[in-house]
Number of protein chains: 2
Amino acid sequence: MVKVAVLGHGVVGSGVTELISKNKKSIENRAGQEIEVKYILDLRDFPDSPYQEKFTKDFDQILHDPEVSVVAEVMGGLSPAFDYVMALLKQGKSVVTSNKELVAAKGAELLAAAKAHNVNFFFEASVGGGIPIIRPMHQCLAANEISEVAGILNGTTNFILTKMIEEQMPFDDALHLAQELGYAERDPAADVEGQDACRKICILASLAFGQHIYPHTVHTEGIAKLTLDDVAYADSWGGVIKLIGRAKRLPGGRVTASVYPAFLNRHSQLAGINDVFNGILIRGDATGDVVFYGRGAGKFPTASAVVADIIDIIKSNCTCKSLSWKDSDGGNVEDYQAEVLRFYLKLSGISRAQAEEVLGQAEYLARAGQPDGELALVTDKMSEYALMEKLGRLGVQPLSMIRVLDY
Amino acid sequence: MVKVAVLGHGVVGSGVTELISKNKKSIENRAGQEIEVKYILDLRDFPDSPYQEKFTKDFDQILHDPEVSVVAEVMGGLSPAFDYVMALLKQGKSVVTSNKELVAAKGAELLAAAKAHNVNFFFEASVGGGIPIIRPMHQCLAANEISEVAGILNGTTNFILTKMIEEQMPFDDALHLAQELGYAERDPAADVEGQDACRKICILASLAFGQHIYPHTVHTEGIAKLTLDDVAYADSWGGVIKLIGRAKRLPGGRVTASVYPAFLNRHSQLAGINDVFNGILIRGDATGDVVFYGRGAGKFPTASAVVADIIDIIKSNCTCKSLSWKDSDGGNVEDYQAEVLRFYLKLSGISRAQAEEVLGQAEYLARAGQPDGELALVTDKMSEYALMEKLGRLGVQPLSMIRVLDY
């Protein structure tokens, strides 16, 4: 019999407790022994909960109960989650978490503490909700050198973009709809401005490349500035706009890592991932591209990933020492503007002849209702610095500038 | 230092040996110790191979060498692979295999032997080549009840269908092209007639539902009878034809399992999986649908899955007792014709009025060049028995009959 504590009884936390009860028999079959949730930590009262007798407001009760061997941290945020998790690991308890902010900011430190105290720190649920991605990357792709990771990592923004693309719904309306449907928070900044995707690409990149990638070093742009004109030009180019988090290993061990909206060819495997779904592409030297697709959020998808981590800890009964990465000083991320890419530009105030003279070869795009004097094009490959220099020579600020990615 | 033997030096076998040498450092980092291929078993001579000193033609040398703790069986076929693998497991050596025929026919027996002798029998490479699917199903989805598994499991037929759909290439030409490109064997029967996909769905279903599903109990149809007319009608209906292997858990514990070409809506996540790629959809009660996509075959994708299994065995240093399923008498698969589905039919010799009278509500399809007297339609939902009864009443044999699936 293994006794578990669940820190937090919000959406994911209540899902974890319910799932352990609902699929009890098959979970115990797979784990090889009985599992009981002994404590649920939450400062709030839940007078109608069937788990009444499990609630506690006292973290120390969990920390010092020798019967509890595995703890699920599903509170979110850095404080007090970080202090709690660190204390639990030092006390010799394994921890699983769905908290992407925690793993992105403190992963290297917590993994080192877990190793030092001979316990596990697992975080399958922190990326991609119910999509198995951390463990397949770590285990099944162990024979590969991973060169690149890219994905649609945030369901809220993908839902908004899908509405903009398929129904020509303006950004603000699509955001309101997402809020009404419960896909977006009342304060949607973390999703819309790309911070959520940034944390997730940091976790994936840290694991793929073995060195901590810190969120503040990753150039992050959201989708709030995208217009239906951009969507129409992407369509005429043969593609769609998606918010992509990506990281690539460079020769010499440095990496690029960034989050921004991008033009993707319609035939890209990531282009067809719509609504609240997530998709993650792993490029390995032996496997080629492998894509994982599914619901990236939601109560039960996320809870199932948390419970799978718990089962894995119970079943293996030993420490997974190889799930870890080195800490870094944050200087391991290359300047994103040095990367050579193609760029979509929407310009006005200059003629096509002027643009051609300075920008060189480019693919000019058209849309219905395109006003006189509006130019839209996709450039040849160049660094962002080279592009800025050319735009400076032309004397224009682009109305839109979106990077073009090849996936 | 762990010493490994590789049984077979064909495409996959040579890939395994090369990969262990090529990614030596990162593999050893992840495995936690050094790995050496001590033996390669093959009856052929490879005078130019750089691994000259490792070759042996004597299986017993491997079987009785106490230094060898892990063996990769990549010969294929049932004989002598089954006898070899059984002997190795009984000798206390863990075995990993890419041999789908072996796992589909003998999985329950070999897993039981592994358990009895406290070693592992892993087979990630037997389904989906380099796509991690066996381990994610087993581990990450452990908290889920899996209700259904479906996929494009054979790259050769998917390549042929892609050519038929995108380039209107007739089946025979597409098959010849696949042979020229090395995607199809000179004798393409196992691919084209669906046997390869059948073995793979048997493995996935056995794992998902915990009971052995034997290939001979699974209704299997190939793609050789498909015509460009069928492809055109599927297009006019809004979809594509894909060869789908699928299995579903029924109330009461029985399962449906089958392999056949099917109409899929164009927006299905499986519809966009083209060329030699494979895609596998797992439907779980908590996760919803999760899709895994990648190269389903090929030297290095498959070899990387074999090597990942080897690493996992070395790293865990303990037995994975929960990777197993019960044997069965083959009576656990439900009659496929009892399933209620929609059907695409191409008919001639009857009028639309006659068809409407007997078949009831249906969606009538049109194609360019459709001759007078050719009817194509998608029926409402009914069992195949009900359909046969109606066609009997109409007095017609359909020119084509293809099931319509909702994924």
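Me: How many salt bridges does the rule find across the interface of chain A and chain B?
Reply: The general idea comes first. Side chains of opposite charge can pair when their charged atoms come close. In this structure, which is a predicted model, the rule finds 2 salt bridges across the interface of chain A and chain B. One of them joins Lys22(A) to Asp285(B), with the closest N and O atoms 3.2 Å apart.

Me: Which elements of chain A give two or more residues to the side that touches chain B?
Reply: They are helix H1 (11-22), helix H2 (24-31), helix H6 (134-140), strand S12 (288-295) and helix H12 (299-316) of chain A. The largest share, 9 residues, comes from H12(A). By residue class, the side of chain A that touches chain B divides into 23 nonpolar, 13 polar and 10 charged residues.

Me: How is the size of such an interface given, and what is the area buried between chain A and chain B?
Reply: The size of an interface is often given as the accessible area lost when the parts come together. Between chain A and chain B, about 3700 Å² is buried, and carbon and sulfur atoms give 54% of that area. The contact takes 46 residues from chain A and 46 residues from chain B.

Me: In which sense do S12(A) and strand S12 of chain B pair, parallel or antiparallel?
Reply: Strands of a sheet pair through backbone hydrogen bonds, either parallel or antiparallel. Here S12(A) and strand S12 (residues 288-295) of chain B pair in the antiparallel sense, over 5 bridges.

Me: What is the strand order of the open sheet of 6 strands in chain A?
Reply: The order is S3-S2-S1-S4-S5-S6, and the pairing is parallel. Strand S3 (55-56) and strand S6 (121-122) of chain A stand at the edges with a single partner strand each, so one side of each has no neighbour in the sheet. Within this order, S4(A) and strand S5 (residues 94-97) of chain A run parallel and are joined by 4 bridges. Val70(A) has Ser94(A) as its bridge partner in S5(A).

Me: Which residues stand opposite Lys346(A) in S17(A) and in S15(A)?
Reply: In S17(A), the residue opposite Lys346(A) is Ser400(A). In S15(A), Ala376(A) stands opposite Lys346(A). Strand S13 (residues 340-348) of chain A is joined by 5 bridges to strand S17 (residues 400-405) of chain A, running antiparallel. Another 5 bridges join S13(A) to strand S15 (residues 374-379) of chain A, again antiparallel.

Me: How far apart in sequence are the parts that Glu67(A) and Lys3(A) tie together?
Reply: Glu67(A) and Lys3(A) meet in a salt bridge of 3.5 Å, N to O. Glu67(A) lies in the loop between helix H3 (59-63) and strand S4 (68-73) of chain A, and Lys3(A) lies in strand S1 (residues 2-7) of chain A, so the pair ties together parts that are 64 residues apart in sequence. Over all chains, the search finds 64 salt bridges.

Me: How many aromatic pairs does a search of the whole structure find?
Reply: A pair of aromatic rings is described by the distance of the centres and the angle of the planes. The search finds 19 such pairs over all chains. One of them, Phe159(A) with Tyr183(A), is edge-to-face, at 5.0 Å centre to centre and 70° between the planes. Phe159(A) is in helix H7 (residues 155-167) of chain A and Tyr183(A) is in the loop between helix H8 (171-180) and helix H9 (189-192) of chain A, 24 residues apart.

Notes:
Residues numbered from 1 in each chain as written. Chains lettered and ligands numbered in written order. Predicted model: local features only at pLDDT ≥ 70, side-chain atom pairs only at ≥ 80, totals over all residues. Heavy atoms only, no water. Contact = heavy atoms within 4.5 Å. Buried area = accessible area lost by both parts, 1.4 Å probe. Salt bridge = Lys/Arg side-chain N within 4 Å of Asp/Glu carboxyl O. Nonpolar A, V, L, I, M, F, W, Y, C, P; charged D, E, K, R; others polar. Pairing = 2+ DSSP bridges. Phe/Tyr/Trp six-rings, centres within 6.5 Å; stacked < 30°, edge-to-face > 60°.
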